[in-house]
Amino acid sequence: MRYPLVTGISTHVLDTSLGRPAEGVPVELALHTEGGWKVIGTSATDSDGRVKDLPAAEAGSVVRLLFDTAAYYAGSAERPFFPEVSIVFTVAPAQHHYHVPLLLNPFGYSVYRGS
């Protein structure tokens, strides 16, 4: 069986306190290397709270999605308890795509592997 050499990664952010997509959240995708984290792509959530233009990651690598939640809340009266959310996971060799949603509110967050 042949495995893909790269795996696509996408995400979306839902603001559970407002009950709607979180638009304008800066997101960075980084690859873990011997020297630390190497940023391989940056983007921001669209009006539907989605990021679809992150680069693919090499199968077997460890990657990090970093969400700048402080920037998202900068224009609101809410001050987030978590100024950033970092999600680190291993890209499985047999996985063609990962979708990693973030459910966000000013005082907490939840993340899961979507489909």
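Predicted model: local features only at pLDDT ≥ 70, side-chain atom pairs only at ≥ 80, totals over all residues.
A polar contact here is a pair of N or O atoms within 3.5 Å; within protein, one must be able to donate a hydrogen and the other to accept it, and residues adjacent in sequence count only if both atoms are side-chain atoms.

Residues are numbered from 1 along each chain as its sequence is written, and side-chain values use heavy atoms, with hydrogens and water left out.

On to the annotated residues. UniProt, in an unreviewed entry, puts a "binding site" feature at His12, Arg50 and Tyr112. Such annotations may be inferred rather than shown by experiment.

Take His12. It sits in strand E1, residues 6-15; a strand is a DSSP run of E, at least two residues, numbered from the N terminus. Is His12 buried or exposed? Buried, because its relative accessibility is 8%. The cut-offs are under 20% for buried, over 50% for exposed and partly exposed in between, with a 1.4 Å probe and protein chains only.

Which side chain does His12 join in a polar contact of 2.7 Å? That of His99.

Contact means heavy atoms within 4.5 Å. Setting aside residues up to four places away in sequence, His12 touches Gly49, Arg50, His99, Val100, Pro101 and Leu102.

Now Arg50. Strand E5, residues 50-51, holds it. Arg50 counts as partly exposed, because its relative accessibility is 29%. Beyond its neighbours within four places in sequence, Arg50 contacts Thr11, His12, Ala44, Thr45 and His99.

Terms used
Helix = DSSP H or I, 4+ residues; strand = E, 2+ residues; numbered from the N terminus.
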